[in-house]
Amino acid sequence: MIVLRPDEVKFEGSVWGGVVRVSIDRASSRTIEGYDETGAYATLVDVAKQRVTLRVTQEIEGEDLSSPIPGELGELVLIAGSGSEAGRKRVRCECVVESVSNKISDYGATRSITLIAQSDAGDEDPVQVSAI
Amino acid sequence: MGSSFKGLDLFGSGPHVFEVDRQGRRIIPLSLVAGDASVAGTFESGDYELRVTVKGRLSALSESALWTLRYAIASQAAFNVEEGDLVDQHGRTWSDVKLFQVEWSGSVDRGRVLSVGYEALFGMNA
């Protein structure tokens with residue numbers, strides 16, 4: 001899932017400004033592969049554990065002395081706009097900050113925040129998308 | 001064709017393979033019998049007993065269904081349960097073997113399906 005230039009991004013109520021993109025990646029952290037004696041191909045493939053990683057990229061203008069801290073838990077809410085009111089979506093996700101890194105060049109500064117999604121229940125998708 | 005033990009489809013819910021343990025003459029060091037490490041030599045003591053291990057994963061769509069599959073295997077490993085024929089997926093048959101034990105490989109994995117790994121040891125006593 002990719003959201004370019006979301007209308008609004010908040011983390012635990014605090015507005016994160018200058019967000020240019022948010023990506024939500026899903027990857028298996030435990031894959032089950034089972035083979036039997038009938039041939040070369042797996043006859044059971046399953047993902048028993050999965051990790052949802054969110055990456056938020058901000059353009060930073062001027063000084064910024066506040067940034068999230070790794071380990072911080074909060075609800076990330078972003079509004080994905082479509083250029084009009086029609087089709088706007090709200091994405092909510094409870095997640096934990098894993099890392100914060102900054103890149104500075106002569107042309108500007110960006111901050112990348114990586115978060116790991118956390119589910120209230122193990123069988124519930126932590127990323128909730130709803131229409132506005 | 002499916003595998004079976006005593007005509008029961010114990011392993012068909014998921015992938016599984018059959019492994020036959022070592023075969024041939026059993027060579028015993030004399031030092032072991034004598035209890036003296038300085039004694040040289042070995043002797044033959046019959047053949048290795050048959051051991052066949054079925055390794056695989058049980059899979060089910062619910063907790064209760066998975067437990068039913070687990071109980072079905074475990075009950076065949078209980079003391080005094082009769083021996084029977086073990087048949088692999090190609091029809092190879094090991095006659096009159098017992099299920100000695102089953103070991104579960106860790107916790108249940110919960111993805112699209114519920115599954116748990118196992119190793120079931122079959123064999124016969126000479």
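Predicted model: local features only at pLDDT ≥ 70, side-chain atom pairs only at ≥ 80, totals over all residues.
Six strands form an open sheet in the order E1-E6-E7-E8-E5-E2 (chain B), and their pairing is antiparallel. E1 and strand E2 (16–20) of chain B stand at the edges; each has a single partner strand, so one side of each is left without a neighbour in the sheet. For E1(B), antiparallel pairing with strand E6 (residues 84–87) of chain B extends over 2 bridges. Here Ser4(B) stands opposite Val87(B) in E6(B).

H2(B) packs on this sheet, touching E1, E5, E7 and E8 of chain B, and its direction makes about 165° with that of E5(B). The length of the helix can be checked against expectation. At 1.5 Å a residue, the 14 residues of helix H2 (residues 63–76) of chain B should span 20 Å, and the end C-alpha atoms are 21 Å apart, which agrees.

Which residues of H2(B) are buried? They are Leu66(B), Leu69(B) and Gln76(B). Because these residues cover an arc of only 100° around the axis, they lie on the same side of H2(B). The buried residues of H2(B) pack against strand E1 (4–5), strand E5 (51–60), strand E7 (93–110) and strand E8 (114–123) of chain B. The face of H2(B) turned away from the buried side carries Glu63(B), Ser64(B) and Tyr71(B), which are exposed.

Ala109(A) is found in strand E8 (residues 108–117) of chain A. Is Ala109(A) buried, exposed or partly exposed? With 16 other C-beta atoms within 10 Å, Ala109(A) is partly exposed, because burial requires 20 or more such atoms and exposure 12 or fewer. Leaving aside residues up to four places away in sequence, Ala109(A) touches Ile60(A), Asn102(A), Lys103(A) and Ile104(A). The C-alpha atoms of Ala109(A) and Gln58(A) are separated by 8.5 Å, although the two residues are 51 residues apart along the chain.

Terms used:
Residues numbered from 1 in each chain as written. Chains lettered and ligands numbered in written order. Helix = DSSP H or I, 4+ residues; strand = E, 2+ residues; numbered from the N terminus. Expected span 1.5 Å × (residues − 1). Arc of directions from axis to C-beta. Contact = placed C-beta atoms within 7 Å. Pairing = 2+ DSSP bridges. Axes fitted to C-alpha atoms, helices over the stretch in contact; angles between N-to-C directions.
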